[in-house]
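Work through these exercises with the model open beside you. Try each task before you read its solution.

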Amino acid sequence: MPPGRALPARLVPLADETLVVPVRRSPRARRLRLVVRPDASVEVVAPRRASGADVDALLAAHRDWLERTLARARARAVPLLGLAGALWLGGERVPHVERLGARASARLRGDAVQVVGPGSEERAAALGRWYRAEAREAVERAIAEEGDRLGLAPTSLAIRDTRSRWGSCSARGTLSFSWRLVVAPPPVLRYVVVHELCHLRELNHSPRFWRLLDEAAPGWRRDAAWLRRHGEELLRYDPASALADPAAP
């Protein structure tokens, strides 16, 4: 296979399961890396010229390490906030009501989220769309307020389902954020927004960037600490777990 083409996921036989490991090419990667994240997700990061045989050799050589590290990550993956089985928004539990309906939708009515749809899959999909819309609204509001205060504005905004970072800033000025930030307390979301806005001026993590962030958000360390404490659970949060019989038709 020519260098640079996408590589298919690998199947890795472990003691009690066969693990599907995705392979992601990165133009910045200088070597093959096997990554086990705190949420127990696994991937291989490959440089442009790595081949499928290179990936297979890496996984074969590190299979024991992968099994041990994955077991530790899964053991640590215990709830800290109790997100599972409930809907959360802005750091608080939100009641919800489900009902059957021909068209799937989710919206906040009063103090409860009303989730409507013909089946559990449709209701879960509608709930996911609602969370992303809420995240976009909250992030846009924070960007408008903080950007006006700091004299900074992105060229565009993206809300994504990212698993490796809460936000990012591209060289073209596009800011991207994880929709899961809308689940966290508002000051945490606002901290991430200010962090990425500062990258519009300093596209790095140099001392100049940290001085800029200190000036823009003097209390940022408190909110960053919240993300360190609760980030693993936030990454695992699945709103559909709060719905009745999520696996039923």
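Predicted model: local features only at pLDDT ≥ 70, side-chain atom pairs only at ≥ 80, totals over all residues.

**Exercise 1.** Find how helix α4 packs against helix α5.

Solution. 
- Step 1: Locate the helices. Helix α4 covers residues 186–199, and helix α5 covers residues 207–216.
- Step 2: Take the geometry. The two pack at an angle of about 135°, with their axes 10 Å apart. That angle makes α4 oblique to α5.
- Step 3: The crossing of α4 past α5 is right-handed.
- Step 4: List the residues that meet. From α4 come Y191, V194, H195, C198 and H199; from α5 come F209, W210, L212, L213 and A216.
- Step 5: Sort them by class. This contact has eight nonpolar residues, two polar and no charged.

**Exercise 2.** Is H195 buried or exposed, and which residues does H195 contact beyond its sequence neighbours?

Solution. 
- Step 1: H195 sits in helix α4.
- Step 2: Check accessibility. The relative accessibility of H195 is 10%, so H195 counts as buried.
- Step 3: Set aside neighbours within four places in sequence. H195 is then in contact with H205, F209, W210 and L213.

**Exercise 3.** Describe the aromatic pair of W179 and Y237.

Solution. 
- Step 1: Start with the count. The whole structure holds seven aromatic pairs.
- Step 2: Read the rings. The centres of W179 and Y237 are 6.5 Å apart and the planes are at 45°, so this pair is tilted.
- Step 3: W179 is in the loop between β13 (174–178) and α4, while Y237 is in the segment after α6 (220–236). The pair therefore ties together parts 58 residues apart in sequence.
- Step 4: Check burial. W179 and Y237 are both buried.
- Step 5: Widen the view. W130, Y131, W179 and Y237 form one aromatic cluster.

**Exercise 4.** Which residue counts as partly exposed, W210 or W220?

Solution. 
- Step 1: Recall the cut-offs. Buried means under 20% relative accessible area, and exposed means over 50%.
- Step 2: W210 has 29% relative accessibility, so W210 counts as partly exposed.
- Step 3: W220 has 11% relative accessibility, so W220 counts as buried.

**Exercise 5.** Where does D16 lie, and is D16 buried or exposed?

Solution. 
- Step 1: Find the loop. D16 lies between β1 (10–13) and β2 (18–21).
- Step 2: The relative accessible area of D16 is 77%, so D16 is exposed.
- Step 3: Look across the chain. D16 and E67 are 51 residues apart along the chain, and their C-alpha atoms are separated by 9.8 Å.

Notes:
Residues numbered from 1 in each chain as written. Heavy atoms only, no water. Axes fitted to C-alpha atoms, helices over the stretch in contact; angles between N-to-C directions. Helix = DSSP H or I, 4+ residues; strand = E, 2+ residues; numbered from the N terminus. Parallel < 35°, antiparallel > 145°, perpendicular 65-115°, else oblique. Left-handed = near helix turned anticlockwise from the far one by under 90°. Contact = heavy atoms within 4.5 Å. Nonpolar A, V, L, I, M, F, W, Y, C, P; charged D, E, K, R; others polar. Phe/Tyr/Trp six-rings, centres within 6.5 Å; stacked < 30°, edge-to-face > 60°. Buried < 20%, exposed > 50% of the residue type's maximum accessible area, 1.4 Å probe, protein only.
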